[in-house]
Amino acid sequence: MRHFFSVNQLKEDEIIRVLHQAEQLRLQQQSFTKQLFAANLFFEPSTRTKMSFIVAERKLGMDVLDFHADYSSTQKGESLYDTAKTFEAIGANLLVIRHQADYWMNELKNQLSIPIINAGAGKAEHPTQCMLDLLTIYQEFQQFHGIKVVIAGDILHSRVANSNAHTLRRLGAEVYFAAADGCKDNNLDFPYLSIDEAVECCDVLMLLRIQHERHREIFINNKDYLRKYGLTKERERKMHPKAIILHPAPINRGVEIDTELVECERSRIFKQMNNGVYTRMAIIKKLLQERGIIHETIAEKRK
Ligand code: CP
(Lines give C-alpha, C1' and ligand atoms only; values in the text may rest on other atoms or scores of the structure.)
Protein backbone atom coordinates (compact mmCIF):
# COMPACT_ATOMS: atom_id res chain seq x y z
CA MET A 1 0.00 0.00 0.00
CA ARG A 2 1.59 3.30 -1.12
CA HIS A 3 -0.89 5.66 0.56
CA PHE A 4 -4.04 5.29 2.68
CA PHE A 5 -6.80 7.17 0.91
CA SER A 6 -9.71 4.76 1.26
CA VAL A 7 -10.72 1.72 3.32
CA ASN A 8 -11.43 0.04 -0.04
CA GLN A 9 -7.67 -0.37 -0.39
CA LEU A 10 -7.69 -2.93 2.42
CA LYS A 11 -8.89 -6.50 1.91
CA GLU A 12 -11.10 -7.90 4.68
CA ASP A 13 -8.25 -9.92 6.25
CA GLU A 14 -5.99 -6.84 6.15
CA ILE A 15 -8.64 -4.80 8.01
CA ILE A 16 -8.76 -7.42 10.75
CA ARG A 17 -4.92 -7.50 10.91
CA VAL A 18 -4.83 -3.70 11.32
CA LEU A 19 -7.43 -3.93 14.11
CA HIS A 20 -5.32 -6.57 15.87
CA GLN A 21 -2.22 -4.42 15.43
CA ALA A 22 -4.10 -1.45 16.92
CA GLU A 23 -5.13 -3.57 19.92
CA GLN A 24 -1.53 -4.67 20.39
CA LEU A 25 -0.31 -1.08 20.20
CA ARG A 26 -2.94 -0.07 22.76
CA LEU A 27 -1.64 -2.72 25.15
CA GLN A 28 2.07 -2.08 24.74
CA GLN A 29 4.34 0.90 24.11
CA GLN A 30 6.46 0.74 20.96
CA SER A 31 8.38 3.43 19.16
CA PHE A 32 10.53 3.67 16.06
CA THR A 33 14.24 4.04 16.64
CA LYS A 34 15.31 6.26 13.72
CA GLN A 35 14.32 9.90 13.27
CA LEU A 36 11.19 10.22 11.14
CA PHE A 37 9.11 13.33 10.48
CA ALA A 38 5.34 13.45 10.09
CA ALA A 39 3.53 16.53 8.75
CA ASN A 40 -0.17 17.03 9.49
CA LEU A 41 -1.68 19.28 6.82
CA PHE A 42 -5.21 20.15 7.91
CA PHE A 43 -7.12 22.56 5.67
CA GLU A 44 -10.41 22.00 7.53
CA PRO A 45 -10.97 22.30 11.29
CA SER A 46 -10.28 19.23 13.42
CA THR A 47 -9.82 18.40 17.07
CA ARG A 48 -9.88 14.59 17.38
CA THR A 49 -8.31 13.50 14.13
CA LYS A 50 -5.47 16.01 14.19
CA MET A 51 -4.66 15.58 17.87
CA SER A 52 -4.88 11.80 17.79
CA PHE A 53 -2.56 11.71 14.78
CA ILE A 54 -0.11 13.85 16.77
CA VAL A 55 -0.36 11.50 19.75
CA ALA A 56 -0.05 8.44 17.46
CA GLU A 57 3.01 9.88 15.70
CA ARG A 58 4.68 10.86 18.98
CA LYS A 59 3.95 7.48 20.57
CA LEU A 60 5.69 5.90 17.58
CA GLY A 61 8.68 8.19 18.20
CA MET A 62 8.14 10.43 15.16
CA ASP A 63 8.86 14.17 15.12
CA VAL A 64 5.76 16.15 14.24
CA LEU A 65 5.96 19.10 11.84
CA ASP A 66 3.04 21.25 12.79
CA PHE A 67 1.22 23.20 10.11
CA HIS A 68 -1.50 25.84 10.38
CA ALA A 69 -3.23 26.49 7.07
CA ASP A 70 -4.16 30.04 8.14
CA TYR A 71 -0.50 30.99 8.72
CA SER A 72 0.97 29.05 5.81
CA SER A 73 1.89 30.10 2.28
CA THR A 74 -1.43 28.66 1.08
CA GLN A 75 -2.68 32.13 2.16
CA LYS A 76 -0.42 33.52 -0.61
CA GLY A 77 -2.04 31.19 -3.11
CA GLU A 78 0.27 28.17 -2.85
CA SER A 79 -1.49 25.01 -4.02
CA LEU A 80 -1.99 21.78 -2.08
CA TYR A 81 0.39 20.10 -4.53
CA ASP A 82 3.20 22.62 -3.94
CA THR A 83 2.61 22.52 -0.19
CA ALA A 84 2.87 18.72 -0.14
CA LYS A 85 5.97 18.75 -2.38
CA THR A 86 7.55 21.32 -0.04
CA PHE A 87 7.11 19.04 2.97
CA GLU A 88 8.54 16.13 1.01
CA ALA A 89 11.52 18.29 -0.01
CA ILE A 90 12.31 19.39 3.54
CA GLY A 91 12.33 15.81 4.79
CA ALA A 92 8.86 14.74 5.88
CA ASN A 93 8.53 10.95 5.84
CA LEU A 94 4.73 10.95 6.08
CA LEU A 95 1.93 13.38 5.21
CA VAL A 96 -1.48 13.36 6.89
CA ILE A 97 -3.95 15.50 4.95
CA ARG A 98 -7.49 16.77 5.57
CA HIS A 99 -8.95 18.88 2.81
CA GLN A 100 -12.40 20.10 1.77
CA ALA A 101 -12.11 18.66 -1.75
CA ASP A 102 -13.56 15.14 -2.22
CA TYR A 103 -10.72 13.91 -4.44
CA TRP A 104 -7.70 15.99 -3.39
CA MET A 105 -5.55 12.85 -3.43
CA ASN A 106 -5.75 12.50 -7.22
CA GLU A 107 -3.25 15.29 -7.80
CA LEU A 108 -0.79 13.87 -5.27
CA LYS A 109 -0.89 10.09 -5.41
CA ASN A 110 1.60 9.54 -8.23
CA GLN A 111 3.69 12.64 -7.62
CA LEU A 112 5.10 12.08 -4.13
CA SER A 113 7.52 9.44 -2.97
CA ILE A 114 6.33 9.55 0.66
CA PRO A 115 3.13 7.94 2.02
CA ILE A 116 0.02 10.06 2.49
CA ILE A 117 -2.90 9.34 4.82
CA ASN A 118 -6.38 10.69 4.17
CA ALA A 119 -7.57 12.37 7.37
CA GLY A 120 -10.85 13.46 5.76
CA ALA A 121 -11.74 14.29 2.17
CA GLY A 122 -14.72 16.59 1.65
CA LYS A 123 -17.91 14.53 1.73
CA ALA A 124 -16.21 11.49 0.22
CA GLU A 125 -14.16 9.48 2.73
CA HIS A 126 -12.77 9.44 6.27
CA PRO A 127 -10.95 6.11 6.31
CA THR A 128 -9.15 6.40 9.66
CA GLN A 129 -12.47 7.30 11.35
CA CYS A 130 -13.91 4.18 9.75
CA MET A 131 -11.04 2.04 11.06
CA LEU A 132 -11.46 3.32 14.63
CA ASP A 133 -15.23 2.75 14.42
CA LEU A 134 -14.55 -0.80 13.24
CA LEU A 135 -12.19 -1.39 16.15
CA THR A 136 -14.82 -0.13 18.60
CA ILE A 137 -17.45 -2.50 17.14
CA TYR A 138 -14.96 -5.40 17.02
CA GLN A 139 -13.99 -4.90 20.68
CA GLU A 140 -17.67 -5.17 21.57
CA PHE A 141 -18.85 -8.05 19.36
CA GLN A 142 -15.56 -9.75 18.26
CA GLN A 143 -16.99 -10.00 14.73
CA PHE A 144 -18.97 -8.08 12.11
CA HIS A 145 -21.06 -10.88 10.59
CA GLY A 146 -24.76 -10.34 11.20
CA ILE A 147 -24.24 -7.24 13.37
CA LYS A 148 -27.03 -4.74 12.65
CA VAL A 149 -25.60 -1.26 12.26
CA VAL A 150 -27.83 1.76 11.73
CA ILE A 151 -26.08 4.93 10.59
CA ALA A 152 -28.41 7.77 11.53
CA GLY A 153 -28.22 11.46 10.71
CA ASP A 154 -26.80 13.62 7.96
CA ILE A 155 -25.92 10.82 5.54
CA LEU A 156 -25.86 13.17 2.53
CA HIS A 157 -23.02 15.32 3.85
CA SER A 158 -21.09 12.67 5.73
CA ARG A 159 -17.78 11.20 4.67
CA VAL A 160 -18.04 8.92 7.73
CA ALA A 161 -21.29 7.31 6.46
CA ASN A 162 -19.73 6.68 3.08
CA SER A 163 -16.58 5.01 4.44
CA ASN A 164 -18.40 3.01 7.10
CA ALA A 165 -21.45 1.74 5.22
CA HIS A 166 -19.53 0.03 2.43
CA THR A 167 -16.81 -1.37 4.67
CA LEU A 168 -19.19 -2.73 7.29
CA ARG A 169 -21.25 -4.43 4.57
CA ARG A 170 -18.06 -5.90 3.09
CA LEU A 171 -17.24 -7.35 6.51
CA GLY A 172 -20.67 -8.99 6.80
CA ALA A 173 -22.63 -6.47 8.88
CA GLU A 174 -26.23 -5.55 8.03
CA VAL A 175 -26.17 -1.83 7.37
CA TYR A 176 -29.17 0.51 7.42
CA PHE A 177 -29.56 4.28 7.29
CA ALA A 178 -31.98 6.56 9.15
CA ALA A 179 -32.25 10.21 8.08
CA ALA A 180 -34.52 13.22 7.67
CA ASP A 181 -35.56 13.95 4.08
CA GLY A 182 -32.92 16.61 3.38
CA CYS A 183 -30.18 14.34 4.75
CA LYS A 184 -30.73 11.21 2.62
CA ASP A 185 -28.26 10.21 -0.06
CA ASN A 186 -29.87 8.46 -3.02
CA ASN A 187 -26.47 7.53 -4.43
CA LEU A 188 -25.84 5.12 -1.57
CA ASP A 189 -27.75 1.87 -1.91
CA PHE A 190 -28.68 1.06 1.68
CA PRO A 191 -32.20 0.60 3.13
CA TYR A 192 -33.64 3.40 5.25
CA LEU A 193 -35.42 2.87 8.58
CA SER A 194 -37.21 5.41 10.75
CA ILE A 195 -35.30 6.29 13.93
CA ASP A 196 -38.00 4.47 15.91
CA GLU A 197 -37.49 1.28 13.89
CA ALA A 198 -33.71 1.76 14.13
CA VAL A 199 -33.45 1.89 17.93
CA GLU A 200 -35.47 -1.30 18.36
CA CYS A 201 -33.47 -3.46 15.94
CA CYS A 202 -29.87 -2.23 16.01
CA ASP A 203 -26.78 -3.63 17.71
CA VAL A 204 -24.88 -0.46 16.87
CA LEU A 205 -26.46 2.97 16.47
CA MET A 206 -23.95 5.21 14.75
CA LEU A 207 -25.20 8.79 15.05
CA LEU A 208 -23.91 11.49 12.74
CA ARG A 209 -23.65 15.22 13.28
CA ILE A 210 -25.88 17.52 11.26
CA GLN A 211 -23.21 19.27 9.17
CA HIS A 212 -24.72 22.74 9.20
CA GLU A 213 -21.62 24.11 7.43
CA ARG A 214 -22.27 21.91 4.38
CA HIS A 215 -26.01 22.66 4.06
CA ARG A 216 -26.97 25.27 1.44
CA GLU A 217 -30.01 26.35 3.46
CA ILE A 218 -30.99 25.91 7.08
CA PHE A 219 -33.97 23.56 7.08
CA ILE A 220 -33.44 21.99 10.46
CA ASN A 221 -34.76 23.32 13.72
CA ASN A 222 -32.56 21.78 16.42
CA LYS A 223 -35.35 21.08 18.95
CA ASP A 224 -37.62 19.54 16.32
CA TYR A 225 -34.72 17.48 15.01
CA LEU A 226 -34.10 15.70 18.32
CA ARG A 227 -37.78 14.92 18.75
CA LYS A 228 -38.32 13.72 15.17
CA TYR A 229 -35.01 12.12 14.21
CA GLY A 230 -32.60 12.11 17.14
CA LEU A 231 -31.79 9.79 20.03
CA THR A 232 -34.04 10.89 22.87
CA LYS A 233 -33.99 9.25 26.32
CA GLU A 234 -37.29 7.59 25.47
CA ARG A 235 -35.84 6.02 22.31
CA GLU A 236 -32.66 4.95 24.11
CA ARG A 237 -34.76 2.93 26.57
CA LYS A 238 -36.09 0.87 23.64
CA MET A 239 -32.60 -0.22 22.53
CA HIS A 240 -31.42 -3.81 23.06
CA PRO A 241 -29.56 -4.13 26.42
CA LYS A 242 -26.26 -4.87 24.61
CA ALA A 243 -26.66 -2.32 21.82
CA ILE A 244 -24.08 0.47 21.72
CA ILE A 245 -24.07 4.10 20.61
CA LEU A 246 -21.31 5.52 18.43
CA HIS A 247 -20.77 9.05 17.14
CA PRO A 248 -17.66 10.29 15.32
CA ALA A 249 -18.02 13.69 17.07
CA PRO A 250 -18.00 16.64 17.33
CA ILE A 251 -21.51 16.24 18.73
CA ASN A 252 -24.38 18.69 18.44
CA ARG A 253 -25.62 18.00 21.97
CA GLY A 254 -29.39 18.13 22.14
CA VAL A 255 -29.74 17.80 18.35
CA GLU A 256 -28.83 14.30 17.15
CA ILE A 257 -28.55 13.01 20.74
CA ASP A 258 -29.95 14.06 24.10
CA THR A 259 -27.04 15.57 26.00
CA GLU A 260 -27.52 13.15 28.94
CA LEU A 261 -26.95 10.17 26.63
CA VAL A 262 -23.54 11.29 25.38
CA GLU A 263 -21.83 9.58 28.33
CA CYS A 264 -24.48 6.97 29.15
CA GLU A 265 -23.55 3.34 29.78
CA ARG A 266 -24.04 2.19 26.22
CA SER A 267 -22.20 5.14 24.70
CA ARG A 268 -18.75 4.33 23.26
CA ILE A 269 -18.15 7.85 21.97
CA PHE A 270 -15.05 8.61 24.05
CA LYS A 271 -13.81 5.03 23.61
CA GLN A 272 -13.88 5.69 19.85
CA MET A 273 -11.56 8.67 20.36
CA ASN A 274 -9.16 6.56 22.40
CA ASN A 275 -9.22 3.85 19.73
CA GLY A 276 -8.40 6.52 17.16
CA VAL A 277 -4.87 6.83 18.52
CA TYR A 278 -4.13 3.12 18.14
CA THR A 279 -5.75 2.57 14.76
CA ARG A 280 -3.82 5.57 13.42
CA MET A 281 -0.60 4.15 14.89
CA ALA A 282 -1.36 0.83 13.17
CA ILE A 283 -2.01 2.48 9.79
CA ILE A 284 1.16 4.60 10.04
CA LYS A 285 3.18 1.51 10.93
CA LYS A 286 1.70 -0.51 8.09
CA LEU A 287 2.46 2.20 5.51
CA LEU A 288 6.01 2.81 6.70
CA GLN A 289 6.73 -0.93 6.82
CA GLU A 290 5.29 -1.58 3.38
CA ARG A 291 7.37 1.29 1.96
CA GLY A 292 10.51 -0.12 3.63
CA ILE A 293 10.91 3.09 5.68
CA ILE A 294 10.84 0.97 8.84
CA HIS A 295 11.22 -2.77 9.15
CA GLU A 296 9.04 -5.38 10.80
CA THR A 297 10.51 -6.83 13.96
CA ILE A 298 11.26 -10.57 13.97
CA ALA A 299 8.31 -11.12 16.31
CA GLU A 300 5.96 -9.31 13.89
CA LYS A 301 7.24 -11.35 10.92
CA ARG A 302 6.40 -14.59 12.77
CA LYS A 303 2.70 -13.61 13.12
N1 CP B 1 -14.42 12.77 14.02
C2 CP B 1 -13.65 13.75 13.52
O3 CP B 1 -13.14 13.67 12.38
O4 CP B 1 -13.46 14.78 14.39
P5 CP B 1 -12.59 16.07 14.10
O6 CP B 1 -13.27 16.84 12.98
O7 CP B 1 -12.55 16.85 15.39
O8 CP B 1 -11.23 15.61 13.66
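**Close-up views of a predicted model**

**View 1. The largest nonpolar core.** Of the 82 residues in the largest nonpolar core, those that touch the most other members are Leu95, Ile151, Ala152 and Leu205. A nonpolar core here is a set of buried Ala, Val, Leu, Ile, Met, Phe, Trp, Tyr and Cys residues joined through C-beta atoms within 7 Å. Helix α9 (residues 269-290) gives the most to this core, nine residues. At least three residues come from each of domain 1 (7-126 + 274-302) and domain 2 (127-272), the bounds being taken from an automatic or database domain assignment. The model is predicted: local features need pLDDT of at least 70 and side-chain atom pairs count only at pLDDT 80 or more, while totals for chains, interfaces and linings use all residues. Residues are numbered from 1 along each chain as its sequence is written.

**View 2. Surroundings of Ala152.** Residues up to four places away in sequence aside, Ala152 touches Ala178, Ala179, Ile195, Ala198, Leu205, Met206, Leu207 and Leu208. Contact requires C-beta atoms, placed from the backbone, to lie within 7 Å.

**View 3. The four-stranded open sheet.** The strand order is β2-β1-β3-β4, with parallel pairing. Strands (E, at least two residues) and helices (H or I, at least four) are DSSP runs, numbered from the N terminus, and two strands pair if DSSP finds at least two bridges between them. β2 (63-65) and β4 (116-121) are the edge strands, each with a single partner strand, so one side of each has no neighbour in the sheet. From one strand to the next, the twist averages 20 degrees. Axes are lines fitted to C-alpha atoms, for helices over the stretch in contact, and angles run from 0 to 180 degrees between N-to-C directions.

**View 4. Strands β3 and β4, with helix α2.** Four bridges join β3 (residues 94-99) to β4 in the parallel sense; Val96 has Ile117 of β4 as its bridge partner. Helix α2 (residues 48-59) packs on the sheet and touches β1 (37-42), β2, β3 and β4, its direction making about 180 degrees with that of β1.

View 5. An unreviewed UniProt entry places the feature "binding site" at positions including His126 and Ala249; positions follow the numbering used here, feature names are shortened, and annotations may be inferred rather than shown by experiment. His126 lies in the loop between β4 and α4 (127-141) and counts as buried, with 27 C-beta neighbours inside 10 Å. Ala249, in the loop between β8 (244-246) and α9, counts as partly exposed, with 16 such neighbours. The cut-offs are 20 or more other C-beta atoms within 10 Å for buried, 12 or fewer for exposed, and in between for partly exposed, with C-beta atoms placed from the backbone.

How values were computed: Two residues are in contact if their C-beta atoms, placed from the backbone, lie within 7 Å.
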